[in-house]
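These are my notebook entries on one protein model.

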Amino acid sequence: MSRKIAILGSTGSIGTNALRVIESLGDEYEVIALTAHGNTKMLAEQVRRFEPKFVGLTNPQKAHSLRERLSGWKGGLFIGPESLVEIAGLEEIDTVITAVVGAAGLGAVLRAAKKGKTIAVANKEPLVIAGQLLTETAKASGATILPIDSEHSAVFQAMQTGRLEEVSRIILTASGGPFRNATADQMENATVEQALAHPTWEMGRKVTVDSATMVNKALEVIEARWLFDVCTDKIDVLVHPESVVHSMVEFVDGSVVAVLGKPDMCVPIQYALTYPRRAKGIGERLDLAELGKLTFEKPNRKVFRALDLGFAVAAKGGSAPVVFNAANEVAVQEFLAGRIRFGMIVRAIEHCLDKHDVRPGISLEEVPGLDAWARNQACDYLKKRIEQVAH
């Protein structure tokens with residue numbers, strides 16, 4: 001019996017790689033639904049190639065364009081932001097790959113969790129914004145949450161060698177980004193071009209900036225706290241510039257299990273699809289002899305202040321991660337637009353967290369209001385800083 005798969009965000013890098021992996025795996029895996037936001041040209045090409053039964057488009061303004069491109073296609077078409085939730089809840093689908101940027105896919109992930117589906121999570125927001133709610137929902141329904149991002153996939157794989165109560169420490173690895181050896185002063189006025197010059201990974205602009213501030217690693221700490229049900233004092237971060245060791249798990253007996261591989265997202269995508277078994281894959285093979293060495297170092301937390309913020313937010317839980325995530329998204333957008341200095345990104349996050357009274361155990365209905373509050377706070381703070389610089 002084949003796996004029935006929906007890909008939320010099929011035109012992005014995760015979605016396109018997921019389709020490559022599915023194509024390589026053969027008839028056991030069937031694409032039932034694809035969704036995109038606005039890239040109707042690529043979405044239509046994917047529909048012609050993979051012949052899904054359902055298609056979703058979250059941007060209604062692009063609906064006419066998509067209908068023209070899908071002329072003659074007989075499947076079900078869902079239009080608008082709610083299309084993600086509608087598709088995630090379809091009975092025909094047993095596995096949902098979610099790769100939707102931002103908080104837009106959160107409702108869909110929760111719908112899939114309530115339905116007891118297998119959820120392969122690529123984007124950070126579901127587990128960052130609503131990690132407690134999502135994991136509790138999945139536990140109640142019997143849904144399975146599998147990580148696709150390389151670090152958490154590595155932790156998940158390593159944890160298969162022991163039991164949760166035997167885990168002493170989870171060690172997330174970080175590339176260090178373009179500013180690994182920079183001083184705080186050098187980072188303060190870093191340019192957009194410098195922040196986007198990642199030494200290892202090719203990612204979208206927002207994620208690349210998050211790597212440069214190490215906000216991405218802070219978000220991964222929050223994710224790991226909920227995904228693996230561990231407290232923050234059992235999570236650590238090491239800088240590993242080669243990006244070959246994707247993460248490690250230390251067990252109570254002193255053994256450390258690491259997952260190594262080339263920086264290739266096809267590997268964690270495939271593991272999430274084939275779990276608990278493995279299959280021959282299309283990922284690039286690692287040659288350790290050619291690599292020669294692996295290096296590790298502690299991150300400079302005085303320079304990368306976002307990391308300590310992430311640990312504090314992970315420990316608090318509740319509404320704190322929503323505020324952290326929203327403030328960062330606003331600040332990164334302003335930085336990429338050239339309106340603020342690089343150093344102001346983390347200061348905007350700090351400001352919003354300082355102004356926020358944390359609410360424990362939030363519901364999905366509370367998320368939009370909290371998100372909007374944090375965005376307004378970040379905008380007001382940054383606007384004042386911009387005006388001060390101008391005068």
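I took helices (H or I, at least four residues) and strands (E, at least two) as DSSP runs, numbered from the N terminus. The model is predicted, so I recorded local features only at pLDDT of at least 70 and side-chain atom pairs only at pLDDT 80 or more, while totals for chains, interfaces and linings use all residues. Residues are numbered from 1 along each chain as its sequence is written, and side-chain values use heavy atoms, with hydrogens and water left out.

**Entry 1. Helix H15 and its end**

I looked up helix H15, residues 320-336, and noted 17 residues with 24 Å from the first C-alpha to the last. That is close to the 24 Å expected at 1.5 Å a residue, where the expected span is 1.5 Å times one less than the number of residues. Just after H15, I found Gly-338 with a positive phi of about 80 degrees. For cover I used relative accessible area: buried means under 20%, exposed over 50%, and partly exposed in between (1.4 Å probe, protein chains only). By that scale 15 of the 17 residues of H15 are buried.

**Entry 2. Helix H11 and the residues on either side**

I then turned to helix H11, residues 215-227. Its 13 residues should span 18 Å at 1.5 Å a residue, and the end C-alpha atoms are 18 Å apart, which agrees. I recorded 13 of the 13 residues as buried, so H11 is largely enclosed by the rest of the structure. Asp-229 follows H11 and has a positive phi, near 55 degrees. Met-214, in the loop between helix H10 (205-213) and H11, has a phi near 70 degrees, a positive value in a residue other than glycine. Met-214 counts as buried because its relative accessibility is 2%.

**Entry 3. Other backbone features**

I found another positive phi in a residue other than glycine at Ser-243, near 55 degrees. Ser-243 sits in the loop between strand S9 (235-239) and strand S10 (245-251), and is buried at 7% relative accessible area. I also noted a cis peptide bond between Tyr-275 and Pro-276, with omega about 15 degrees. Pro-276 lies in the loop between helix H12 (266-274) and H13.

**Entry 4. Surroundings of Leu-353**

I located Leu-353 in helix H16, residues 344-355; at 17% relative accessibility it counts as buried. Which residues is Leu-353 in contact with, leaving aside its neighbours within four places in sequence? With contact meaning heavy atoms within 4.5 Å, I listed Leu-309, Val-313, Ala-320, Val-323 and Phe-324. Leu-353 and Ala-374 are 21 residues apart in sequence, and their C-alpha atoms are 8.5 Å apart in space.

**Entry 5. Salt bridges**

I counted a salt bridge where a side-chain nitrogen of Lys or Arg is within 4 Å of a carboxyl oxygen of Asp or Glu. The structure holds 24 of these.

Lys-41 and Glu-45 form one, at 3.0 Å from N to O. Both residues lie in helix H2 (residues 40-50), four residues apart, about one turn of the helix. An α-helix has 3.6 residues a turn, so residues three or four places apart point the same way. Lys-41 is partly exposed at 47% relative accessibility, and Glu-45 is partly exposed at 38%.

Lys-115 pairs with Glu-91, the closest N and O atoms being 3.0 Å apart. Lys-115 lies in the loop between helix H5 (106-114) and strand S6 (118-121), and Glu-91 in the loop between helix H4 (83-88) and strand S5 (95-98), so the pair ties together parts that are 24 residues apart in sequence. I noted Lys-115 as partly exposed at 41% and Glu-91 as exposed at 65%.

Arg-163 and Glu-165 meet at 3.7 Å, N to O, and both residues are exposed. I also recorded one network, in which salt bridges that share partners join Lys-124, Glu-151, Lys-217 and Glu-220.

**Entry 6. The chain as a whole**

I noted 17 helices and 11 strands in the protein chain, and 55% of its 391 residues count as buried. Along its principal axes the C-alpha trace spans about 60 × 55 × 40 Å. Residues 24 or more positions apart account for 69% of the contacts with a separation of 6 or more.
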